[in-house]
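User: Hey, I've just opened this one and I'm new to it. Can you walk me through the model?
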Amino acid sequence: MNQIVNITIDGIECMAQKGQYIVDAAKDNGIYIPTLCNYPGVKPRGSCRICTVKVNGRLMTACTTPVSENMEIINEDPELADLRKAIIELFFIEGNHFCPACEKSGNCELQALAYRYKIMVPRFPYAFPQRELDASNPKLVKDQNRCILCKRCIRGIHDEKGRTIFAYRRRGTHVEIGVDPKIGKDLSDDLAQKSMDICPVGALLVREKGFDVPIGERKYDKQSIGSDIEEKR
Amino acid sequence: MGKPVVATTSLAGCFGCHMSLLDIDERILELIDLVEFNKSPINDIKKFTKKCDIGLIEGGCCNSENVHVLKDFREQCKILISVGECAIMGGLPAMRNGIPIKECLEEAYINGPTVLNNTEKIIPNDPEIPIMLNKVYPCHEIVKMDYHLPGCPPRADLIWEALVALITGNEMKLPYEVVKFD
Amino acid sequence: MKKYTQKVLDKYHHDKTRLMDILIEIQSEYGYISSEVITIIAQDLNMSEVDVEQTISFYHFFSMKPTGKFSIYLNNSAVANMMGRNEVAAAFEKETGIKFGETTPDGLIGLYETSCIGMNDQEPAAIINNRIFTKLTAFRVKEIIRDIKEGKEIEKMFSASFGDGANRNALVKSVVSNNIRKIGPILDPDYKVGEAIKKIIKMTPEEVIAEVKHSNIRGRGGAGFPTGLKWEFCRNAEGEKKYIFCNADEGEPGTFKDRVILTELPRLLFEGMVVAGYAVGASEGILYLRYEYKYLENYLEDILKAAREKNYLGKNIMGKNGFNFDIRIQFGAGAYVCGEESALIESAEGKRGEPRDRPPFPVEKGYLEMPTVVNNVETLCSVVKVILNGGDWYRSFGTADSTGTKLLSISGDCRNPGVYEVAWGFSVNDILEMVGKSGNVQAVQVGGPSGSLIGPDEFNRTLGYEDLATGGSLIIFGEHRDLLEDVVLNFMEFFIEESCGSCSTCRILPTVLKQKLEKILNARGIAQDIADIENWGKFLKASRCGLGQTAANPLLTSIKNFRHLYEEKLQTAKEYDTGFDLSAAVKDACEVTHRIPNI
């Protein structure tokens with residue numbers, strides 16, 4: 001049987017299921033906590049840090065921290081807003097995000113968060129790194145320029161034997177995503193599509209697809225990310 | 001008090017942002033009532049004839065001339081605005097940024113599929129030609145920029161709202177639909 | 001290659017969680033891990049090749065390309081530089097004819113840089129085929145390269161006598177010196193193996209924990225979590241098996257005290273692990289040893305073997321029915337972040353050493369999802385003394401909040417670098433007197449790069465959890481050092497190199513901050529740049545682990561305590577400067593087009 005715990009988010013009293021992650025508890029209560037590396041049905045990893053909240057005064061990632069009785073959570077204050085803005089900006093300067101030329105533009109979660117946080121220009125200088133465009137896979141194109149290293153593909157996409165098709169390579173500033181040359185080659189159409197869907201940005205694309213929804217009708221053209229959650233309040 | 005003076009230029013851009021400015025349609029008549037244009041491709045004034053209040057910069061800096069023009073604008077204008085993705089982050093021209101300049105020039109003038117008659121393998125180097133920079137720079141990484149209007153191009157409404165807000169001193173309205181990066 | 005790989009896979013029972021051991025054996029045998037081998041491992045362990053590769057490419061000492069028959073890893077820490085590393089590095093490049101990061105065309109020698117190898121008291125130092133070479137000079141480099149080219153065996157390449165103490169042991173034979181400068185109750189050589197075990201088997205595990213709690217000892221790695229409490233949590237946690245890890249991955253630049261314990265008092269450490277195992281109810285202990293200390297492997301294995309023979313390890317230890325405990329050594333492969341306890345566990349499970357999200361904590365769900373205690377080398381040694389002499393005795397050392405003694409690793413500009421055991425409560429001034437300062441001291445780095453850089457006005461502060469908490473590393477900088485260029489910049493490069501890359505903040509920000517510092521060093525700085533570093537540095541606090549959270553500390557603490565060094569480099573005439581340099585920006589194009597820059 002599910003046990004109910006009482007928590008507060010920005011002073012609002014909420015009920016949540018014991019063991020539920022803060023992000024999900026907030027969502028059930030109509031409160032949006034921004035996420036990027038989190039994906040429904042995939043084990044959370046807390047790597048993008050965008051969902052950082054204050055739990056009893058400490059910075060914690062809401063996607064990995066389970067709720068507990070009387071937990072006091074701050075989701076909105078100037079410090080957190082600035083932190084989240086900074087994180088979004090960091091992603092933009094770290095890679096090469098040419099939104100005007102991207103198939104995912106309008107449906108991209110990173111871009112949508114930048115819209116939500118009204119980012120006009122990053123405060124950090126652009127790195128313009130040299131990144132790999134891997135078009136060797138017959139089904140998928142991997143564009144490292146756009147990748148934000150959220151690990152959603154690593155955690156969420158496996159073959160029938162449970163092996164991962166995507167993985168990190170190297171470490172630190174050199175981290176990139178590798179696509180398995182052997183099992184990746186025999187990717188089914190279904191899994192290729194899933195890979196593209198699980199990617200929050202335009203780093204994984206099914207070949208010969210893209211730009212199929214006209215500007216104005218894309219996911220985040222008119223509605224801000226998270227507004228669907230907030231509507232339920 | 002005279003009307004605020006506006007100057008505009010396109011650096012490493014495609015003039016799409018200027019086109020978007022024209023896209024304010026009939027409001028252009030209002031704009032002409034509100035401001036006076038100085039150096040700008042819109043009226044073809046080539047040189048600053050006086051200090052300006054607002055400078056609109058389209059495009060990033062890809063060569064030495066862009067840098068000089070931008071610095072000139074910074075000196076002549078009280079407020080400088082990056083208009084569009086290229087001014088803000090280099091835009092599509094910056095897609096060359098990961099590629100060594102040698103490769104870029106050789107592709108353009110020697111090895112590219114559209115090169116037909118360059119048997120002597122000449123890369124233009126006349127002293128009159130601006131020198132390319134090692135990468136395309138966002139404007140704010142060269143000089144101080146005061147405001148940024150994203151979009152490719154920025155929506156006409158965004159440019160309009162920004163100009164009106166600056167001129168009238170009112171707060172700028174930023175409806176969700178008008179701030180886009182594409 | 002195929003046959004050998006199969007043999008190694010058999011040895012580790014085709015167990016995916018032993019991937020680190022498998023890779024280490026292959027790397028040692030061939031000097032690299034080839035794509036053929038990766039294919040075999042992946043198939044055998046039911047993994048994808050990219051999955052195997054993601055572990056390999058994480059660790060500094062694994063390579064997918066040949067690293068040379070002799071792979072030379074020269075330490076690049078700040079203290080190494082201070083002791084003349086540049087000259088040594090230049091000599092290596094000159095004698096081999098290659099640059100760092102390259103291998104000679106004949107495949108004989110590979111030159112690589114590496115982060116602190118725990119030899120700060122005898123720099124410049126390098127690792128060559130798992131052997132340590134200390135106090136290098138350009139002359140010595142010539143000898144070494146000549147020996148290599150003449151086909152000498154690595155064992156015969158030492159021209160100096162071996163170091164002191166157990167460094168001379170037939171199984172170690174190392175030129176490393178212990179440099180023990182001050183002995184206290186932990187380093188006391190008058191210690192009889194097995195006495196603590198004899199004592200605890202007459203106590204209940206709860207009584208052991210109570211005694212440890214009573215001693216008030218806290219973790220010696222730096223974080224300072226109460227040891228008794230950690231054990232209690234683990235004992236009370238549910239799990240069919242429990243594990244004791246000893247964290248011997250001291251990678252904080254400037255720290256080397258664990259190296260000395262592992263050399264001189266390994267039996268004390270292993271006994272500490274047995275005590276912890278008994279208290280917690282664990283049956284397996286794992287010594288996670290940094291790869292840099294691989295030269296101690298045979299020696300430590302031999303001591304473990306002897307302990308098993310004496311029944312200090314094994315089944316029904318010392319006749320206590322049902323008390324089973326054994327220890328194995330798990331090597332890392334070069335990654336500072338693995339010193340973080342959950343990253344250490346991930347690594348021991350054969351994965352990338354990325355810290356885990358907490359909760360759950362290792363005491364609840366650690367190694368193989370089982371309750372796990374991770375303790376520092378020094379903590380486990382101290383616990384043996386607590387058991388032997390009692391918590392009250394232990395509390396007689398140090399202060400109320402920081403009981404006992406602390407091993408300090410002291411290096412830099414002083415006459416006697418080495419390991420000192422002092423009671424908590426020592427002030428920095430006391431320490432400077434103790435080590436024999438040479439000339440005026442400009443600054444002391446307390447606790448390594450993740451700690452803080454303090455100046456003379458804070459030298460009256462005392463070491464302890466209530467004031468200057470530290471894992472024990474102190475680096476002294478004389479007045480002739482350029483703190484920003486020689487220290488802060490080097491430390492920032494260290495953090496950039498050692499980030500696991502999982503958190504956005506720690507992966508991206510340190511590079512941005514380092515660029516700001518470089519702008520100031522290049523005389524292009526403005527006041528806003530200092531403010532930016534201070535404001536942006538705060539974002540790192542949102543990182544998952546201690547490495548990320550402290551990655552801006554070299555900048556933040558030096559700005560706090562040495563602001564004038566930054567301010568005197570700022571441009572006075574300019575209020576704003578992006579740092580853009582037109583002549584530098586047109587250089588490439590001018591070269592390609594053979595133009596004179598007419599800008």
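User: What kind of model is it, and how do the labels work?
Analyst: This is a predicted model, where local features need pLDDT of at least 70 and side-chain atom pairs count only at pLDDT 80 or more, while totals for chains, interfaces and linings use all residues. Residues are numbered from 1 along each chain as its sequence is written, and chains are lettered from A and ligands numbered from 1 in the order in which they are written.

User: Back to C:Val275. Which residues have the most contacts inside the largest nonpolar core?
Analyst: B:Cys61, C:Leu269 and C:Val275 do, and that core has 298 residues. A nonpolar core here is a set of buried Ala, Val, Leu, Ile, Met, Phe, Trp, Tyr and Cys residues joined through C-beta atoms within 7 Å. A residue is buried if 20 or more other C-beta atoms lie within 10 Å of its own, exposed if 12 or fewer, and partly exposed in between, with C-beta atoms placed from the backbone.

User: Which helix gives the most to this core?
Analyst: Helix α12 of chain C, residues 266-280, gives 10 residues. Helices (H or I, at least four residues) and strands (E, at least two) are DSSP runs, numbered from the N terminus.

User: OK, switching to chain A. How many helices and strands does it have?
Analyst: Chain A has six helices and 10 strands. Its C-alpha atoms fill a box of roughly 50 × 45 × 35 Å along the principal axes.

User: What about its radius of gyration?
Analyst: Chain A has 18 Å, which agrees with the value near 17 Å that a compact globule of 233 residues would have. The radius is taken over C-alpha atoms, and the globule rule is 2.2 Å times the number of residues to the power 0.38. Of those 233 residues, 49% are buried.

User: And where are the domains in chain A?
Analyst: Domain 1 covers 4-76 and domain 2 covers 85-206; such bounds come from an automatic or database domain assignment. The C-alpha centres of these two domains of chain A lie 25 Å apart. In chain A, 11 residues of domain 1 are in contact with 12 residues of domain 2. By class, the domain 1 side has seven nonpolar, one polar and three charged residues.

User: What goes in each class?
Analyst: Ala, Val, Leu, Ile, Met, Phe, Trp, Tyr, Cys and Pro count as nonpolar, Asp, Glu, Lys and Arg as charged, and the others, Gly among them, as polar.

User: How many residues does the contact between chains C and A take?
Analyst: There are 33 from chain C and 37 from chain A. On the chain C side, α4 (49-56), α18 (483-498) and α19 (504-521) each give two or more residues. α19(C) gives the most, with eight. That side of chain C divides into 12 nonpolar, 12 polar and nine charged residues.

User: Same for C and B?
Analyst: There, 16 residues of chain C are in contact with 17 residues of chain B. α25(C) gives the most to the chain C side, with five residues. The chain C side divides into 10 nonpolar, four polar and two charged.

Key: Contact = placed C-beta atoms within 7 Å.
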